[in-house]
Amino acid sequence: MLDITNLRKVFPKEAGEMVAIDDFSLAVQNGEFVCLLGPSGCGKTTVLRIIAGLETLTSGTIQLDGRDVVNSGPDRGMVFQEFALFPWRTVRKNVEFGLEIKGVSAAERKTIGQKYIDLVGLNGFEEYLPKKLSGGMKQRVGIARALANNPEILLMDEPFGALDAQTRNQMQKELLRIWSETKKTVVFVTHSVDEAVYLADRVVVLTARPSRIKEIFKIEQPRPRDRANPEFIALRKQILAELEEESAQAPKLV
Ligand SMILES: Nc1ncnc2c1ncn2[C@@H]1O[C@H](COP(=O)(O)OP(=O)(O)O)[C@@H](O)[C@H]1O
Ligand SMILES: [Mg+2]
């Protein structure tokens, strides 16, 4: 279980400080799919980066299965919005990256890497460089790379934000398939209500800065979900209203 208690994050500013996250507590069960939904600039990426150990917290605690999370580690895998692939490495070499860092032998790397390349549907593209891949395929590499470390939790920061609508819907389906095959815990950040309602077991709506939890919606519709279903539409409307209340208060972005 991922347990976040009273998380607070303050960034120093030229004049004083800026509270990005305040009083943020959330428990995520093993195998659960949670979406964090909030207005732009509210602190979603910061929450994820703190869980990943890429950013320090000011106060509060984060525990994964009872252990304090302090640094980054292979128990948490991150998938970034901007793909963040190594352009000079092939698909295979990108996927094997974490295993290389861990000192896994070449033969074992290849076996493990191939398993995840197959899982994300990139069989046949192993020797391609990222520039030859479409956006959806790049993000498949990002997912395979994160999974190759066998993390307990997959942290995903608007991973499909740069994709066209059709590819995005397809990738959402693919992600649910991968999730059900791997049984990973997923914390997925998005600002799309539709995406959150389609994917999540629970949708956590965040307030405008500082990021607090405004409301949590449990989505009980069976998967695969039907976007045309009246219940789906009603939920989307309800959550959108919550989010719009916050977006109206969100500070203007610079
Ligand atoms: N390293 C940093 N130093 C100072 N301010 C930061 C830093 N990272 C993020 N912020 C600020 O924290 C706020 C939340 O940012 P972010 O977590 O990226 O929001 P979101 O992902 O919800 O759009 C923003 O105002 C951003 O400018
Ligand atoms: Mg962000």
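In which loop is Asn 150 found? Asn 150 is found in the loop between H5 and E7, where helices (H or I, at least four residues) and strands (E, at least two) are DSSP runs, numbered from the N terminus. This is a predicted model, in which local features need pLDDT of at least 70 and side-chain atom pairs count only at pLDDT 80 or more, while totals for chains, interfaces and linings use all residues. Residues are numbered from 1 along each chain as its sequence is written, chains are lettered from A and ligands numbered from 1 in the order in which they are written, and side-chain values use heavy atoms, with hydrogens and water left out.

Asp 65 sits in the loop between strand E4 (59-64) and strand E5 (67-68). With a relative accessibility of 37%, Asp 65 counts as partly exposed, given that buried means under 20% relative accessible area, exposed over 50%, and partly exposed in between (1.4 Å probe, protein chains only).

H5 is mostly covered, since twelve of its 14 residues are buried. The buried residues include Gly 136, Met 137, Gln 139, Arg 140 and Ile 143. Around them, the buried residues of H5 pack against strand E6 (76-79), helix H2 (91-95), helix H3 (97-101), helix H4 (106-119), strand E7 (153-157) and helix H6 (165-182).

Two of these neighbouring helices can be followed through one residue each. In helix H6 lies Met 171, which is buried with a relative accessible area of 2%. Leaving aside residues up to four places away in sequence, Met 171 touches Gly 136, Gln 139, Arg 140, Ile 143, Phe 160 and Leu 163, where contact means heavy atoms within 4.5 Å. The C-alpha atoms of Met 171 and Val 187 are separated by 16 Å, and the two residues are 16 residues apart along the chain. In helix H4 lies Thr 111, which is exposed, with a relative accessible area of 56%. Thr 111 and Pro 130 are 21 Å apart from C-alpha to C-alpha, and 19 residues apart in sequence.

Which residues surround ligand 1? Ligand 1 is surrounded by Phe 11, Met 18, Pro 39, Ser 40, Gly 41, Cys 42, Gly 43, Lys 44, Thr 45, Thr 46 and Arg 209, where a residue counts as near a molecule if one of its heavy atoms lies within 4 Å of it. Helix H1 (residues 44-52) gives the most to this shell, with three residues. The shell divides into four nonpolar, five polar and two charged residues, where Ala, Val, Leu, Ile, Met, Phe, Trp, Tyr, Cys and Pro count as nonpolar, Asp, Glu, Lys and Arg as charged, and the others, Gly among them, as polar.

A polar side-chain atom of Thr 45 lies 2.8 Å from an oxygen atom of ligand 1, an N or O atom in the side chain of Thr 46 is 2.6 Å from an oxygen atom of ligand 1, and for an N or O atom in the side chain of Arg 209 the distance to an oxygen atom of ligand 1 is 2.8 Å. The protein covers 62% of the 560 Å² of accessible area that ligand 1 has on its own, with accessible areas taken from the Shrake-Rupley method with a 1.4 Å probe and, for residues, only the protein chains shown counting as cover.

Arg 209 also leads on to a feature of the backbone, as the peptide bond from Arg 209 to Pro 210 is cis, with omega near -10 degrees. Pro 210 lies in the loop between strand E9 (202-206) and strand E10 (213-218). A cis peptide bond also joins Arg 223 and Pro 224, with omega about -5 degrees, and Pro 224 is found in the loop between E10 and helix H8 (230-247).

Glu 32 is buried, with a relative accessible area of 10%. Its side chain makes a polar contact with the side chain of Arg 202, at 2.5 Å; a polar contact is a pair of N or O atoms within 3.5 Å, of which, within protein, one must be able to donate a hydrogen and the other to accept it, and residues adjacent in sequence count only if both atoms are side-chain atoms. Not counting residues up to four places away in sequence, Glu 32 touches Ala 27, Trp 179, Lys 184, Thr 185, Val 186, Asp 201 and Arg 202.
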